[in-house]
Amino acid sequence: MKRILTACLALTAIACTPQTYGPVPTKAQLKWQDMEYYMFCHFGPNTFTDKEWGDGTEDPDVFNPTDLDCDQWAATAKAAGMKGIVITAKHHDGFCLWPSKYSNHTVAQSSWRDGKGDVLRELSDACRAHGLKFGIYISPWDRNHPSYGTPEYNEVFAGTVREAHEQYGPVFEQWFDGACKPKPGQPKMPYDWGLFNSTVRSVSPNAVIFSDVGPDCRWVGNEKGYAGETNWCRLDTEGFAPGEAAPARDTLNMGNVHGASWVPAECDVSIRPGWFYSPSTDDKIKSVEELMEIWFGSVGRGANLILNVPPDRTGRINAADSLRLMEFRAAREAYFTKGRDAKCIVIQENIKYGQKIKSFVVELRDGADWKEIASGTTVGHKRILRFAEPVHGMIRVRITDSFGKPDIKSVEVF
């Protein structure tokens, strides 16, 4: 380990005079990137109807968790090593998990808890109690609201967002979904994304805003949890918008090497086949091996991982999902331990000054010579490279191409 540390110090020395290159992250984006891993909770009427997209005509009474326990959600997320929870406060069906004054399709119209229930209040309080960050997903698509499809709806939606942030913040991430399929004959909704983003900024200036084009973090282009082998935190957003007007999926997956804005990737994936709970998927939870591969393909490629764990019809994280999360954490801890033989190398760039590294190689000392045992392109916040087989001896990282002088934050061997 002394040799490894010496190599790390030598690497760090080359970046002793930081030089900024291209767009750089804000303080909020840096804090967000350090979170790396947090929970998504898809919860609402769809939980009780075996649907992924409700149509907005469901009876509010269908939402009826028998034993809602948001403290259990938070405790589970904390024990799993997650840093926060993002809740689907309003999905495409328009049903609000809090008694919003901007809708008549909410928990207040449900007989659940005599119309006095409030999922956002319970979850935001539980997150604070367990030291977790609280995030909100609010879909602009609303298949229930009578003004949807008109310019007036933009003000309704902005008010809905403002209300949720003011009542339940602080909010670390605002998740905007770009999905939208108007009914036959219904005009395309003219979304005012500038208004929506400025509304978030006005009430939650430290919140990171997610969408296909950010402005603060972007969709990775798939729902499998994998960022590109090459993954730039830069993106060109001019002329694009969330949804149908988003950049191509391969662009979202890799970013733009010379992109004008700092918009890092977030990998969203569900622990189950669907986003909402269904009893038919109790035996179809992703294996530990699958989750480990997702970890290497997301956090290991410089992106954040938001893993969906949908509460069941009781209003609790199902025991099967909880067990798998604990097994997943144990597997990560077992893998990322320091030992005599090296399984992988973890490199972090000091992204405070931009993303610069274009390619690098990892080499093992073989007598008087060095032989390549791994190679990669971008590094960004974090890059994890696994070796074909465990290695023993002196290892070095050699930057083969970069934009200006590279800034290495850390190198670790596990």
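Predicted model: local features only at pLDDT ≥ 70, side-chain atom pairs only at ≥ 80, totals over all residues.

Strands of a sheet pair through backbone hydrogen bonds, and the pairing can be parallel or antiparallel. The sheet here is an open one of three strands, in the order β13-β12-β15, with antiparallel pairing. At its edges stand β13 (369–376) and β15 (395–402); each has a single partner strand, so one side of each is left without a neighbour in the sheet. From one strand to the next the twist averages 30°.

A glycine comes next. G302 belongs to the loop between α9 (288–297) and β10 (304–308). In sequence G302 and T378 are 76 residues apart, yet their C-alpha atoms are 8.3 Å apart in space. Leaving aside residues up to four places away in sequence, G302 touches Q33, N231, V379, H381 and K382. The relative accessible area of G302 is 3%, and buried means under 20%, so G302 is buried.

Within its residues 119–129, the buried ones are V119, L120, L123, S124, A126 and C127. Looking down the axis of α5, these buried residues fall within an arc of 160°, so they line one face of the helix. They pack against α4 (70–79), β2 (84–90), β3 (133–138) and α6 (152–168). At the start of α5, D118 has a side-chain oxygen that reaches to within 3.2 Å of the backbone nitrogen of L120. Just after the helix, G131 takes a positive phi of about 70°.

R113 has a relative accessible area of 38% and is partly exposed. For D114 the relative accessible area is 68%; exposed means over 50%, so D114 counts as exposed.

Loops also hold cis peptide bonds. One joins G169 and P170, with omega about 10°, and P170 is found in the loop between α6 and β4 (173–175). Another joins G214 and P215, with omega about 25°. P215 has its place in the loop between β5 (208–211) and β6 (217–219).

That leaves the cysteines. A disulfide requires two cysteine sulfur atoms within 2.5 Å, and by this rule the count comes to zero. C217 is in no disulfide, since the nearest cysteine sulfur, that of C233, is 11 Å away, and the limit is 2.5 Å. C267 is likewise in no disulfide; for C267 the nearest cysteine sulfur is that of C217, 11 Å away. C217 has a relative accessibility of 0% and therefore counts as buried. C267, at 0% relative accessibility, also counts as buried.

Conventions
Residues numbered from 1 in each chain as written. Heavy atoms only, no water. Helix = DSSP H or I, 4+ residues; strand = E, 2+ residues; numbered from the N terminus. Buried < 20%, exposed > 50% of the residue type's maximum accessible area, 1.4 Å probe, protein only. Contact = heavy atoms within 4.5 Å. Arc of directions from axis to C-beta. Polar contact = N/O pair within 3.5 Å; in protein donor to acceptor, adjacent residues only side chain to side chain. Pairing = 2+ DSSP bridges. Axes fitted to C-alpha atoms, helices over the stretch in contact; angles between N-to-C directions.
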